[in-house]
Amino acid sequence: MCGYSGLIFSPSSTYAKDSQNKEKFFAAAARLQHRGNEPMRKEAFNNLLLAHFRLAFQGIATNIQPMFNQNKKWVITFNGEIYNFPKLRKKIQTEFEYNFQTKGDTEAILAGFLNYGQQIKDLLEGEYSFVISRTDGTEIFAMRDPYGVKPLFLALEGVDSKIFANAQEVYLFDTRSIHFASEIKGLMCEKKWDRNGFIKQFVGLYEPIRTPFQNIIQLPPNSFLYAKKSGNTFNTKIQINNKPIRNAFITEEKNDNELYGEFSKRLSRSVHNRMLSETELGVYLSGGVDSRVIAYEASQYYLKNKINKKLKSFTISFKNEVFDEANESLAYAHKLNFTPHVLQIHDQDLAYSYKHAVYHSENIQPYTNGAAKWWLSRFTAKYVKGVLTGDGADELLCGYPSFQYVNWWKFALHNREEKNLFDKIAKTPLGQNWRDSVYAKKFLNESKDPWAAGSSAEGLGEDFIESLTVWGVPHPLFTQIKTIATSLLGADEADKFLKEQRESVSSWFAFGLKNSDEFLTDPNNSLLLWQNYFARTHLPVQVLNWVGDRMEMANTLEGRTPFLSMEMKNFIYNLKDNMLIRGFENKSILRRSYKSKIDSHYAMAPKKQFGAPFLFEEKEIKKSQQNILLKAKETNLFEEKAIKDLILVLNDPSFKKKSSPHTYTHLQAAFQTFMSFSMIDDSIVKEITPKRNLEYEEKVIINQKVF
């Protein structure tokens, strides 16, 4: 588990003409120091520079990076864990009589690539990103894991990132240099805003390749990059595996009990694989079924291997009871005979950590739970170097309210006989059938606070009707996106901008599936389409940045994600909708597979959104407003009027009374996004790293409770 940076360049590159390029490169790479607990290791060649920070769990004595092959012609920089590396090593030894010099997983990747070439992508099980380069600076190969758990960013000299807007299986382009790093802050290039990329991330149209910055992309999940020098440029190819998250045409039928049994066996293997470590691991534990199941399987690993010690669990607690899950977590930890550790934080603690969380995420977005996750990792890292998490369960198993909303859409239109979607609505408009209000009634019965409940839609179907009209796909968050876009751009420009995104949005929805109007508009496909889109866009770009790897590694802690394994990926592919959502029972197969193992009470408890309160009050609004107005002038990304009008609305008590809770929440989220943007502009574009107050942090952590 590490962080790395590298630069490969041709003689015609601007870097070749810069006599200070080495000093500048290693200075930029130093910004990744938080991703390792060892000093930076450097390698410099004529046209290749490399830097690496290590946080080691396997082969601690020998698994040093950058790592060379035996003839020193190839070198690898790697971040992550390969859990099947013992089998891979044995396979390579048997087939090629290869003599390994180390005991870890890094050499297994390098030897695998040198013997199997690009087919190494089919042989790895784990969470990873890596780059293998020729030391003469003529060739490079990079890969990222299937869900994008581990980040990898690329700065491409002279390449307009607009070419990556629409989903394609292969992208071909030429560039004079490729700078790669685990985080954007580790790239030595100047960070300049790309207005289109900025707007898309601001409003929540997350892109799996483009970023809000010019010439900077991320290698998408489940893909590889190959580049070879030709003259003064690198002929470059990015290829993405276009296999959808689930099969649209399942023919094999299995009974429920068979599926439940197979699911729990696969998840058990995923957890047990991720217990592979030479150092102690812990588990995150919240009040939700995801972390409970991971904790249960980790406890079973201890029993199976007769490990005579208690597992440590780690929980974040909020003074605000709406978001707190400490009591549920403690009860479950005692049930499993864990040693639970609980850290309670207050709103002022979240306000402190928010700027640090934003800096490490490098994301413009409205949420605040990353500020809580930052504290959780800060706390956990005092006790262990690595932790198992429940990340990915909501995406793979449809746990968010948006998935339930999409499933309701299919349910609401099921008994309308017309074949064409718009004919169905025209003949029986929404609101005239008892099915039409089921989702809204359910949501209103659970909570009137959309932010706390994690709901972004009122649930009456307007999102689907409008998104199908504008984009040709059923997007459940369309109203939220439109409201935030309008607050940023104004109504007319927002409408124009959203219409321009039709090809891009629909291509990522349909990637790997049928890209036809009939398939995309069929309500029976709506859950599959949204899940396919969410797993390719929101999961790697927003979720795993904001509450995944980036928040763990911000405090030099490794997060391991059993739900995002190849075991689970292959199993989920052949599941039908009703295994994921049954009525309002989300993550159905997870709950039913484990209700007899962890007790029905713990397995079937309703999902409680992991969240944190909005972080601004009147004083914070005034303080942030001036900074945001200044940045409107400096960046020309939006008009000053946008933020002024938003402040007026949020300060108008009558507007709050007359608007729906969702609309008001979306506008609050827009302001929070403006705050996030201003912090990114300071910390990433201007490279002003937010200062840590270690004395304050230690005082907060002293408030922990160990039971």
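1. Glu362 is a buried residue, because its relative accessibility is 3% and the limit for buried is under 20%. The model is a predicted one. Glu362 sits in the loop that joins helix 8 (347-361) to helix 9 (369-380). Its phi is positive, about 60°, although Glu362 is not a glycine. Most residues other than glycine have a negative phi.

2. Glu687 also deserves a look for its backbone. Its phi is positive too, near 60°, and the residue is not a glycine. Glu687 is found in the loop between helix 30 (661-685) and helix 31 (694-702).

3. The peptide bond that runs from Gln65 to Pro66 is cis, and its omega is near -5°. Most peptide bonds are trans. Pro66 belongs to the loop between strand 3 (48-54) and strand 4 (67-68).

4. On the chain as a whole, the model has 31 helices and 19 strands. The radius of gyration is 25 Å, close to the 27 Å given by the globule rule for 707 residues, so the chain is as compact as a globular protein of that length. Along the principal axes, the C-alpha atoms fill a box of roughly 75 × 60 × 55 Å.

5. Of the 707 residues in the protein chain, 63% are buried. Among contacts with a separation of 6 or more, 74% are between residues 24 or more positions apart. The accessible surface of the chain is about 27,100 Å², and carbon and sulfur atoms account for 48% of that surface.

6. Helix 25 (residues 588-598) has these buried residues: Ser588, Ile589, Leu590, Arg591, Ser593, Tyr594 and Ile598. What covers them? The cover includes helix 5, helix 6 (289-304), helix 7 (326-335), helix 23, helix 24 (577-580) and helix 26 (600-604). Just after helix 25 comes Asp599, with a positive phi of about 90°.

7. The largest pocket has a volume of about 730 Å³. Its lining has 31 residues, and those nearest the centre are Asn84, Leu123, Leu124, Glu125 and Met566. Two or more lining residues come from each of helix 2 (85-96), strand 7 (139-144), strand 12 (223-230), strand 13 (233-240), helix 5 (256-273) and helix 23 (566-572). By type, the lining of this pocket divides into twelve nonpolar, nine polar and ten charged residues.

8. Which element has the largest share of the lining of the second largest cavity? Helix 20 does, with three residues. The lining of the second largest cavity has twelve nonpolar, two polar and three charged residues.

Methods: Residues numbered from 1 in each chain as written. Predicted model: local features only at pLDDT ≥ 70, side-chain atom pairs only at ≥ 80, totals over all residues. Heavy atoms only, no water. 1 Å grid on protein atoms, 1.4 Å probe; cavity = no way out; pocket = protein on both sides within 12 Å on 5 of 7 lines; lining within 4 Å. Points joined across faces, edges and corners; volume = space filled by probe spheres on them. Helix = DSSP H or I, 4+ residues; strand = E, 2+ residues; numbered from the N terminus. Nonpolar A, V, L, I, M, F, W, Y, C, P; charged D, E, K, R; others polar. Rg over C-alpha atoms; globule rule 2.2 N^0.38 Å. Buried < 20%, exposed > 50% of the residue type's maximum accessible area, 1.4 Å probe, protein only. Contact = heavy atoms within 4.5 Å. Areas by Shrake-Rupley, 256 points an atom, 1.4 Å probe, with all protein chains shown as cover.
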